Amino acid sequence: MQRYRRALHSFLISTSGSKLGALTWEVSRAHIRHTHWQFLPVSADLVKKGLVEAAFKVEAENEKYPVTFRAKDVADGTGEKGDFFRVWIWMPGEEDVVDGQRNDSGEHPEEDEVEETRGKQKSLVLPLNEEFRFDLQFGRRVMAKLLGLEDRMNWRDCAQTDEEETKDATAFKEAFQKFDWALEE
């Protein structure tokens, strides 16, 4: 998953001229068979100004969660004791823009590289425990508010037809093909 996340970062650098950053949020709970990730491109300016980080922290306060976010890299999460919500906040680095143009070699990082190879990243972790009920839509709700898209907070309100979904998936696969390391193997 980390390798795909890094490939998506390279894709954003290339296609947006480094104007987009991204966040990935994860819900990791012991009683769930798999972790849940969501990836969202966002204006690099929102990341640079600290608005994305602030939005997550403020929403946790507004929800009166008894714990707070802490800056921490839990790597793949297997060493973390207990359940957690994590958000990786990423933006392209200065080296990713040369003379106003994107700087993308199309090279893909190796699978065993854990650290971010392009851009700047911050990892925030919110420990989850039995003291409070955590909303699995927390990340989506935070970003919908920040982006002024409150009408899209609930994923059920954003459904596409099968035809629209197929069209979008095909367009993405074509655009991402250069960055999809799985196609090379």
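Predicted model: local features only at pLDDT ≥ 70, side-chain atom pairs only at ≥ 80, totals over all residues.
Local features were considered only at pLDDT of at least 70 and side-chain atom pairs only at pLDDT 80 or more, whereas totals for chains, interfaces and linings use all residues. Residues are numbered from 1 along each chain as its sequence is written, and side-chain values rest on heavy atoms, with hydrogens and water left out.

Secondary structure elements are DSSP runs numbered from the N terminus, helices (H or I) having at least four residues and strands (E) at least two. Strand E1, residues 20-28, is mostly covered, with eight of its nine residues buried; buried denotes under 20% relative accessible area, exposed over 50%, and partly exposed the range in between, for a 1.4 Å probe and protein chains only. Strands are taken as paired if DSSP finds at least two bridges between them. E1 runs antiparallel to strand E2 (residues 36-43), to which eight bridges join it, and Gly-21 stands opposite Val-42 of E2. E1 also pairs with strand E4 (residues 83-91), again in the antiparallel sense, over seven bridges, and here Trp-25 has Val-87 of E4 as its bridge partner.

Tyr-65 counts as buried at 9% relative accessibility, as does Phe-138 at 0%. Phe-85 and Phe-134 form a further tilted pair, at 5.4 Å centre to centre and with 50° between the planes; Phe-85 belongs to strand E4 and Phe-134 to the loop between strand E7 (120-128) and H4, 49 residues apart. Phe-85 is buried at 0% relative accessibility, and Phe-134 is buried with a relative accessible area of 4%. Ring pairs join Phe-56, Tyr-65, Phe-69, Phe-85, Phe-132, Phe-134 and Phe-138 into a cluster.

Nonpolar cores were defined as sets of buried Ala, Val, Leu, Ile, Met, Phe, Trp, Tyr and Cys residues joined through side-chain atoms within 4.5 Å. The largest core has 25 residues, of which Phe-56, Phe-69, Phe-85, Val-87, Phe-134 and Phe-138 touch the most other members. Elements giving two or more residues to this core are E1, helix H2 (44-48), H3, E4, E7 and H4. A second, separate core of 10 residues includes Ala-7, Phe-11, Trp-90 and Phe-176.

Arginine side chains were also examined. A charge sits over a ring if NZ of Lys or CZ of Arg is within 6 Å of the ring centre and within 35 degrees of the ring normal. Arg-3 lies over the face of Trp-181, at 4.1 Å from the ring centre, and Arg-5 over that of Trp-88, at 4.4 Å. Arg-141, in helix H4, counts as buried at 11% relative accessibility. Leaving aside neighbours within four places in sequence, Arg-141 is in contact (heavy atoms within 4.5 Å) with Glu-59, Glu-63, Tyr-65, Asp-135 and Met-153.

Methods
Phe/Tyr/Trp six-rings, centres within 6.5 Å; stacked < 30°, edge-to-face > 60°.
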